[in-house]
Amino acid sequence: MTSPYNDSRHGMKKALIISYYWPPSAGAGVQRWLKFSKYLREFGWEPVVYVPEGAEYQHEDPSLQADVPPGMQMLKTRIREPYRLYKLITGKSGREKVQPGFLSEQRSAGLAEGFATWIRGNFFIPDARRSWIRPSIKFLSNWLMENRIDAMISTGPPHSMHLIALGLKKQFNIPWLADFRDPWTQIDFYHKLRLTRLADKKHRRLERQVLLSADRVVTVSDNCGAGLQEISGRPVDVVTNGYDPDDFREIPSYDHQKFSLTHLGLMNADRNPVALWDALASLVADVEGFSGHLEVKLIGKTDFRVGESLRSRHLDPYVNDLNYLPHDRALAEAGNSAILLLPLNNTPNVRGIAPGKLYEYLALQRPILCIGPPDGDVAAILEETGSGFTAGFGETEKIRTRLEEWYRRFRQQGLQRLETNAGKYARPALTGRLAAILDEILTE
């Protein structure tokens, strides 16, 4: 494909990245393209990033700013988000943050939250950032009249980012890569949006339009790619998430003081590993010394139903709820852990779910316990790299047996760093794969 923006005489190729998440935003959504941007220059691409001004992020981590490439051009416009209405409906205060992923920290406001969800799903299509689409197309159109780029990248969710790119594609025919960090209509909570038939039809029409209009589509796992390919009827590239070696140079070694099981990130109700809690409760009751060593570290927001599950099994005395921590501190806590917990969402699309924290777990070289389908993408990666063990959602005895073996090794000081085969998931290597796709777009 030829483009008026592709001119090798200008030196390094330029990629316009359209993203909602960017530092100071924290959490999984920011990591993927922050890290790609960090390494793109090594492969001949100069990133130009377009992000919102005044976005309401659930958490902020100023330390992530250190990964922004020096001198990189940033474009910003003001965004107006509809959270004031959501908070009014649900009774939240103006200072409270709206939690992602259908996570509820309290029992209250069930009906109100349901009504707010119905409004979100049926009136804010594709998502709550839809009001930023038209102003962004206008701003970027004016900018593109005076500035050269070779390709553009949209990353979602929120999938409004793809619709911004779609509008620019129609006007300028710029080579476009659409990156799906999560699915759209196949995402695990899509059925919870309480959509009318008309709203569902509109979601699916927009999704298909994006998938067919982008020059290339990229996603994070094989099963997710297969789902998008089924919708569009065209090939989908897979470039997984990964880990940045720079983030792991000063991670402490495990000190064997506690048999600590650590979970990083949001744990919503779909991710509540009840079989694991049952296994731990039986080990506390049956295995001498286990209760004195056990610690369950939860780093991130946790649904109230997770707490209820732990209390009902009398496991709450062993829980160390650290809530949200900055990225570097969270990795340090996880590095000093016996086992890293990776419970997956017990939902129909779970085989394609490969959370970003999986790859950081690989870099920590601690044993990983995944609760999810043994034939899913995560299980395949754990087996490939020799990094852990997968048990099904209801396989309590299988979980207990493995934990008992790990605990025996813990007592013998045998839970040392794993020798894994995870190098291909390092961010520089993954950025090279992404850059190769961008190069191919320019010649198609």
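Q: In what sense do strand 1 and strand 2 pair, and over how many bridges?
A: Start with the general idea. Strands of a sheet pair through backbone hydrogen bonds, either parallel or antiparallel. Here strand 1 (residues 13-18) and strand 2 (residues 45-53) pair in the parallel sense over six bridges. Two strands pair if DSSP finds at least two bridges between them. Isoleucine 17 stands opposite valine 49 in strand 2. Strands (E, at least two residues) and helices (H or I, at least four) are DSSP runs, numbered from the N terminus.

Q: What kind of model is this, and how are residues numbered?
A: This is a predicted model, in which local features need pLDDT of at least 70 and side-chain atom pairs count only at pLDDT 80 or more, while totals for chains, interfaces and linings use all residues. Residues are numbered from 1 along each chain as its sequence is written, and side-chain values use heavy atoms, with hydrogens and water left out.

Q: In what order do the seven strands of the open sheet run?
A: The order is 3-2-1-4-5-6-7, with parallel pairing. Strand 3 (73-78) and strand 7 (237-238) are the edge strands, and each pairs on one side only.

Q: Which strands does helix 5 lie across?
A: Helix 5 lies across strand 1, strand 4 (151-156) and strand 5 (176-180). Contact means heavy atoms within 4.5 Å. Helix 5 runs at about 155° to strand 4. Axes are lines fitted to C-alpha atoms, for helices over the stretch in contact, and angles run from 0 to 180 degrees between N-to-C directions. Helix 15 (residues 427-443) also packs on the sheet. Helix 15 touches strand 1, strand 2, strand 4, strand 5, strand 6 (216-219) and strand 7, and its direction makes about 145° with that of strand 5.

Q: How do helix 5 and helix 6 pack?
A: Two packed helices are described by the angle between their axes and the distance between the axes. Helix 5 (residues 160-172) and helix 6 (residues 197-213) pack at about 55°, with axes 10 Å apart. That makes helix 5 oblique to helix 6. Angles under 35 degrees count as roughly parallel, over 145 as roughly antiparallel, 65 to 115 as roughly perpendicular and the rest as oblique.

Q: Which residues meet between helix 5 and helix 6?
A: His162, Leu163, Leu166, Lys169 and Lys170 in helix 5 meet Leu206, Gln209, Val210 and Ser213 in helix 6. These divide into four nonpolar, three polar and two charged. Ala, Val, Leu, Ile, Met, Phe, Trp, Tyr, Cys and Pro count as nonpolar, Asp, Glu, Lys and Arg as charged, and the others, Gly among them, as polar.

Q: At what angle do the axes of helix 6 and helix 7 cross?
A: The axes of helix 6 and helix 7 (residues 222-232) cross at roughly 95° and come within 9 Å. Helix 6 and helix 7 are therefore roughly perpendicular to each other. Glu207, Arg208, Leu211 and Leu212 of helix 6 make the contact with Leu228, Ile231 and Ser232 of helix 7.

Q: Which strands stand at the edges of the sheet with six strands?
A: That open sheet has the order 10-9-8-11-12-13, and its pairing is parallel. Strand 10 (319-323) and strand 13 (388-391) stand at the edges, each with a single partner strand, so one side of each lacks a neighbour in the sheet. The twist averages 20° from one strand to the next.

Q: How many bridges join strand 9 to strand 10?
A: Four bridges join strand 9 (residues 294-299) to strand 10, and the two run parallel. Lysine 297 has asparagine 320 in strand 10 as its bridge partner.
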